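User: I would like to learn how to read a few features of a model. Please give the general idea each time, then the case at hand.

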Amino acid sequence: MNRRHFLLAPGAAALAAALCVAAPSASHAQAESQPIHVGEINSYTGLPAFTIPYRQGWQLAVEEVNAAGGLLGGRKLEVVSRDDAGKPDDAVRVAQELLSNEKVELLAGTYFSHVGLAVADFAARNKLPFVAAEPLTDAITWTKGNRYTFRLRPSTYMQAAMLVEEAAKLPAKRWATVAPNYEYGQSAVQWFRQLLSEKRPDVEFVAEQWPAQGKLEAGPTVQALAAAKPDAIFNVTFGADLAKFVREGEGRGLFRNRTVVSLLTGEPEYLDPMKDEAPEGWIVTGYPQEQIDTPEHKAFREAYVKRFNEPPRQGSVVGYATFKAIAAAVEKAGSTDAEKVVDALSGLDLSSPFGPITFRALDHQATMGAYVGKTTVKNGQGVMTGWRYADGADYLPSDEAVRKMRPE
Amino acid sequence: MSFYLVQFLSGLATAATLFLVSSGLTIVFGVTRIVNFAHGSFYMLGAYLGWTLVERWGGTPLGFWGAVAAASLAVGLLGALMEVGLLRRLYRSPELFQLLATFGVVLVMQDAASWIWGSEDLLGRRAPGLRGSVDILDQPFPLYDLVLIGLGPLVLGLLWLLFNRTRWGTLVRAATQDRDMASALGVDPARLFTGVLFLGSALAGLGGALQVPREAVNLHMDMAIVVEAFVVVVVGGMGSLTGAFVASLLIGQLQAFGILVFPQITLVLVFLFMAVVLVIRPYGLLGRAEDAPPTAASPGPPLIAAAGMARWVPALLLALLAAVPLVAGDYALIVLTEVVILALLAASLHLLIGLGGLVSFGHAAYFGLGAYGAALLVKHLAAPMPLALAAAPLLAGLGALAAGWFCVRRSGLYFAMLTLAFAQIVWSVTFQWYGFTGGDNGILGVWPPDWAAGKAAYYWLTLALAGGALLLLRRAAFAPFGYTLRAGRDSALRAESVGINVRRHQWLSFALAGSAAGLAGGLYAFAKGSVFPTLMAVPVSVDALVMVLMGGIQTLSGPVVGAALFHLLETEAMSRTDWWRLVLGAVILVLVLAFPKGVAGFVRDLWTRGRES
Amino acid sequence: MSRRLAVENLQRAFGGVQAVRGVSFALDAGEVLALIGPNGAGKTTCFNLLNGQLRPDAGTVRLDGVDIVGLPPRRVWRMGVGRTFQITATFASMTVRENVQMVLLSVHRRLFGLWTPAAAGFRDEAMALLERVGMGAQAERPCGVLAYGDLKRVELAMALAGDPKILLMDEPTAGMAPGERQELMALTSSLVRERGLAVLFTEHDMDVVFGHATRIIVLDRGQLIAEGSPDAVRADPRVQAVYLGGAA
């Protein structure tokens with residue numbers, strides 16, 4: 001499944017090594033019984049905490065597809081997976097390797113937005129379908145969208161819009177924002193401000209903090225936010241920065257009598273490591289995996305727990321749904337021809353653990369949603385409570401606005 | 001008012017951690033002159049060990065502080081082990097070789113930590129008895145941070161006592177000022193170095209373990225701290241503990257108050273500060289000229305222009321490389337294209353390091369400027385590729401000319417850190433200027449036109465352009481330009497007294513190296529189809545440095561061999577295993593121990609020995 | 001004889017220590033002038049003030065009538081002042097011949113060539129200079145492995161390559177065997193005759209000083225205390241006091 005191609009013996013001298021790389025790898029003639037190769041690229045060493053649940057998710061999907069007899073009348077789905085080291089230029093090289101040497105029919109994966117964009121551009125150039133699994137940037141389906149690229153997860157815009165709906169109901173008028181200092185943080189804050197101001201012209205934004213990703217100076221940042229005396233805070237930090245922010249914020253009373261609205265914080269990837277120190281009462285987007293009891297989710301969860309002996313995380317669902325979508329698209333296209341697969345993916349309907357989703361023909365964005373609720377601590381563990389499923393389809397701009405943004 | 005006081009205290013708490021880590025670094029550097037990249041890894045290891053021990057014993061104050069101390073000592077022992085097992089074998093190598101060795105340690109430790117503690121962030125217990133906060137003028141302030149604030153001066157005081165009131169400390173100070181004198185005093189330098197590595201690493205480990213109650217321990221802690229620790233060391237003045245203390249305080253305050261004025265300045269603040277300090281003060285705040293190390297690269301044996309059969313090796317290699325597309329597939333060609341480009345990048349850096357004795361930590365800036373120069377022309381002016389490729393070395397050269405003017409006025413690690421500061425400034429501007437550079441989402445669609453779009457065509461184009469540039473660099477090394485550069489490195493005193501303007505020559509070399517790197521960057525942009533700020537980030541500078549050192553700095557073929565070896569190794573390891581950093585790190589360590597003069601240096605020695613016998 | 005160098009009232013302090021105070025002297029073409037004095041008298045400081053390495057606090061240094069105070073060493077060198085150092089400074093990564101060629105390239109302002117190999121430039125001139133100082137046989141050896149005395153001779157060849165009018169030699173024979181010392185100074189004297197050079201040198205070996213200097217000036221604690229022919233200086237009671245009392 002995780003087939004790796006051994007090209008050369010270690011320690012070979014430079015030229016010898018180069019020539020070895022040059023040796024063409026075994027060809028994959030396209031016989032009917034040949035497996036369908038999908039190239040998968042993600043930041044396995046850069047962000048293992050997020051990408052390993054994701055990998056398990058797609059492994060489960062692929063196993064299910066193959067156990068059910070494969071695709072196109074018996075062809076197995078075979079994934080060639082590679083690390084991108086978290087760097088776009090490495091990802092492009094790996095994509096080329098997958099295309100040239102492994103003869104993959106599709107590409108999938110990526111976590112970081114810039115890596116996703118680089119692979120999307122590569123896919124368009126090489127006319128290869130690409131299902132971007134995790135990158136959140138709006139650009140990948142809008143301003144830098146292309147015919148061959150599809151994205152599964154709800155984008156920054158969608159997630160911000162889901163939270164704005166809740167934020168607008170709050171009495172809070174004075175808002176402060178804290179977000180990592182890069183495109184994801186910037187656009188999350190920008191959309192949040194714009195959408196909230198549209199719904200609530202009476203709010204004002206009184207402070208903003210832009211810590212460098214991974215280097216949040218928690219004390220000074222918390223203090224600076226508190227000094228602005230906001231009624232509520234919009235948080236976009238995540239991971240280690242979030243944990244630091246929460247600890248320092250609790251210690252300095254930042255969250256006392258203030259509502260915090262926070263992007264992604266309800267996902268197990270972020271909530272679990274905080275254990276009993278998970279924030280109380282934050283309004284978040286996330287994935288309350290232990291509580292969702294729709295039939296499709298229960299089936300997924302049971303299969304996942306049985307296979308990996310641990311509960312799924314957000315990434316698991318993304319990995320699973322990405323490869324289920326690929327399988328569905330190939331089946332719908334009736335072939336692995338790139339153009340046909342792209343056409344099949346446009347407007348593809350499928351059932352995901354979160355319920356039915358559609359890859360919109362308009363902008364190739366999937367309508368997969370997220371769960372919006374409040375955080376609380378139960379049995380020494382952060383969980384979501386009072387949540388609801390926010391269907392992605394309801395949190396997208398008008399078709400006309402989207403068409404304007406897309407270059408085609 | 002109370003707000004500013006609390007903000008000030010927050011800055012002090014930041015400063016305390018910074019000081020603990022950088023004091024260790026400055027002590028190690030002062031005595032051993034080793035640029036210890038692994039220092040950040042020791043910090044991370046301290047945090048992980050601290051987490052494990054605090055989870056076990058941390059229920060009581062005694063248990064907690066015992067756990068912190070134990071973690072610190074354990075990390076110290078590991079540092080001593082690194083000295084005995086690795087660095088000690090390299091004291092006779094060119095000084096920079098030890099830097100390469102510590103980089104290998106960084107890679108190994110990243111994967112080791114991931115293997116032992118798993119990939120998830122670990123949020124540890126809080127310090128018992130110090131969970132709450134106290135009100136300072138009605139503003140709550142965490143108790144634990146108050147303890148940290150006190151710990152900084154306490155450690156400074158203890159170190160002062162150690163260095164001024166004990167025999168060992170006196171010897172270390174003597175060795176800091178004059179290594180030869182120390183050995184003349186009958187001190188065994190090896191034992192002294194082991195002790196110093198122990199102390200320095202233990203301080204890093206202490207800094208790490210103390211973070212357990214403040215933040216989630218994670219696998220990115222090493223890189224996050226090590227660059228900043230170097231900044232503190234250099235701003236304070238190398239080898240100066242008080243300097244490190246003052247610099248930590250200033251940087252802590254700068255971060256506390258800087259974000260109030262410019263919330264978006266977080267990416268570049270410390271580097272801006274360092275650049276300003278170094279431009280004004282050549283040896284940092286409290287450093288003295290005599291403590292500054294000599295230029296890092298010691299003069300090697302004379303360059304030997306290949307004679308006889310060997311003269312045809314480059315031409316033969318070029319012919320062979322040009323023939324590769326006849327047998328190779330697309331992927332092999334793009335990997336080889338990258339190797340050729342990186343060889344040019346490494347060779348351009350080698351011009352500075354190998355010939356000029358100028359170790360740059362920021363060479364990626366010019367690679368990136370070249371890539372962006374090309375990409376911006378394509379994006380904003382729809383320029384054709386030849387024009388964009390011509391602009392790449394030009395923009396990079398201009399950037400190098402501007403930064404170089406400041407940098408060549410400093411030497412040794414001060415020079416290196418100033419190049420890093422400029423690189424980080426360029427990086428952050430590129431990263432944040434969304435309207436012009438596309439910010440961190442980069443610029444897409446920088447593909448070659450149809451005539452060069454084939455993998456073979458682009459490979460040949462790269463081979464021609466980069467090969468030509470490599471040839472020019474090689475000619476320049478043997479031409480008066482390269483001789484003059486080496487003259488300035490060998491003896492600036494003598495060079496100046498025979499009419500050579502050393503600084504101006506270094507400046508021009510910096511620009512030449514920058515534009516060569518820029519050409520490499522331009523070629524890289526079209527090879528990848530997109531450019532991102534990652535191209536000018538620290539890891540690319542470090543990779544280039546590693547390539548040069550792996551090949552060996554004393555030969556002109558070194559960087560080319562190093563680039564090929566490093567890149568092929570990395571791509572192969574990456575496509576085979578998720579533990580590729582471990583593999584790469586282990587290979588680097590083996591290479592360093594087996595070939596202390598670099599691979600090309602080793603081959604040359606074999607060759608020379610063969611001819612002599 | 002023409003006046004080459006005129007030094008007036010040279011002053012230089014380091015911190016609070018007055019290293020050179022009010023030194024004045026002159027140097028004519030064809031002279032071999034020795035600057036002597038006990039350790040720490042300020043001899044090397046004087047040299048550094050003359051060739052631009054240090055800037056004097058006060059005073060003038062005229063070279064052929066032109067004030068050169070404030071010029072960097074490389075400019076002073078271009079005006080005809082060659083120098084050898086107390087601790088030899090050569091280009092260790094180059095061969096002996098290349099060291100001299102390097103200077104010749106600088107003389108001819110050919111430092112920026114990117115294409116033609118440096119080793120091809122001024123080869124014969126470099127060899128001629130090396131033959132002159134007796135280093136012809138070692139021309140192809142790396143400078144980094146030479147014996148100390150040989151390095152001193154390489155330095156002399158490098159200084160001569162600039163075709164100087166004045167040669168400043170800071171302890172030119174330090175580290176040499178006695179025979180070698182006399183040989184080197186004899187060579188220096190003959191160069192002075194051949195080329196009409198003016199030489200200023202410092203030296204601890206009194207045999208060398210009194211055997212080869214045409215005139216001597218004596219420095220003590222930054223001040224000139226005596227000046228004259230070797231015989232006159234030898235007889236000067238102040239000089240005797242300094243040397244006997246200073247026990248240098």
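Analyst: Start with domains: their bounds come from an automatic or database domain assignment. For chain B that assignment gives domain 1 (2-257) and domain 2 (309-612). Taken over C-alpha atoms, the centres of domain 1 of chain B and domain 2 of chain B are 33 Å apart. This is a predicted model, in which local features need pLDDT of at least 70 and side-chain atom pairs count only at pLDDT 80 or more, while totals for chains, interfaces and linings use all residues. Residues are numbered from 1 along each chain as its sequence is written, and chains are lettered from A and ligands numbered from 1 in the order in which they are written.

User: How many residues of domain 1 of chain B are in contact with domain 2 of chain B?

Analyst: Two residues are in contact if their C-beta atoms, placed from the backbone, lie within 7 Å. By that rule, 23 residues of domain 1 of chain B meet 22 residues of domain 2 of chain B. On the domain 1 side, α4 (96-117) and α9 (221-236) of chain B each supply at least two residues; helices are DSSP runs of H or I, at least four residues, and strands are runs of E, at least two, numbered from the N terminus. The largest share of that side, 12 residues, comes from α4(B).

User: Which helix gives the most to the side of chain C that touches chain B?

Analyst: The contact between these chains involves 34 residues of chain C and 27 residues of chain B. On the chain C side, α2 (73-78) and α3 (96-107) each supply at least two residues, and α3(C) gives the most, with 5 residues.

User: What is the radius of gyration of chain C, and what would a compact globule have?

Analyst: The radius is taken over C-alpha atoms, and the globule rule is 2.2 Å times the number of residues to the power 0.38. For 248 residues the rule gives a value near 18 Å, and chain C has 18 Å, which agrees. The C-alpha trace of chain C spans about 60 × 40 × 35 Å along its principal axes. Chain C has 9 helices and 10 strands.

User: Is Ile36(C) buried or exposed?

Analyst: A residue is buried if 20 or more other C-beta atoms lie within 10 Å of its own, exposed if 12 or fewer, and partly exposed in between. Ile36(C) counts as buried because it has 25 C-beta neighbours inside 10 Å. Ile36(C) lies in strand β3 (residues 32-36) of chain C. Thr202(C) is 166 residues from Ile36(C) in sequence but 5.6 Å away in space, C-alpha to C-alpha.
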